[in-house]
Amino acid sequence: MSETDDTSREWAARIIDAASPLRDALGRRTVTTSEDERRDIDALLEAVERLSDLADRQGHEARHDRLNVIGA
């Protein structure tokens with residue numbers, strides 16, 4: 001796969017954008033979650049944070065890391 005074929009940045013941006021309403025909802029008092037749900041949500045938001053850190057990095061390792069986070 002060449003750098004020009006790399007769509008991992010585009011997918012990372014989509015995932016980051018899609019997580020925004022979830023993050024906003026968690027800040028509302030009317031939204032409640034169980035302990036298990038909260039662990040899952042926290043893991044998802046940690047992955048989104050990792051994607052944010054990797055979003056603008058270039059190169060094979062960054063692409064590989066983005067794909068690992070997206071795949072998980």
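**Notes on the core and the overall fold**

1. Ala19 touches Leu45 and Val48, where residues up to four places away in sequence are left out of the count and a contact means heavy atoms within 4.5 Å. This is a predicted model, in which local features need pLDDT of at least 70 and side-chain atom pairs count only at pLDDT 80 or more, while totals for chains, interfaces and linings use all residues. Residues are numbered from 1 along each chain as its sequence is written, and side-chain values use heavy atoms, with hydrogens and water left out.

2. The largest nonpolar core is made up of five residues, namely Ala19, Leu26, Ile41, Leu45 and Val48; such a core is a set of buried Ala, Val, Leu, Ile, Met, Phe, Trp, Tyr and Cys residues joined through side-chain atoms within 4.5 Å. Helix H1 (8-26) and helix H2 (35-54) each supply at least two residues of this core, and H2 gives the most to it, with three residues.

3. Leu45 has its place in helix H2 and is buried, with a relative accessible area of 14%, given that buried means under 20% relative accessible area, exposed over 50%, and partly exposed in between (1.4 Å probe, protein chains only). Leu45 touches Ala19, Leu22, Arg23 and Leu26, again not counting residues up to four places away in sequence. The C-alpha atoms of Leu45 and Leu22 are separated by 9.0 Å, although these residues are 23 residues apart along the chain.

4. Leu67 belongs to helix H3 (residues 60-71) and is partly exposed, with a relative accessible area of 42%. Leu67 and Arg9 are 58 residues apart in sequence, and their C-alpha atoms are 9.3 Å apart in space.

5. The secondary structure of the chain comes to three helices and zero strands, where helices (H or I, at least four residues) and strands (E, at least two) are DSSP runs numbered from the N terminus. The radius of gyration of the chain is 14 Å, well over the 11 Å that the globule rule gives for 72 residues, so the chain is more spread out than a compact globule; the radius is taken over C-alpha atoms, and the rule is 2.2 Å times the number of residues to the power 0.38. The C-alpha atoms fill a box of roughly 45 × 20 × 15 Å, taken along the principal axes.

6. Of the 72 residues of the chain, 22% count as buried. Among the contacts in the chain with a separation of 6 or more, residues 24 or more positions apart account for 56%.
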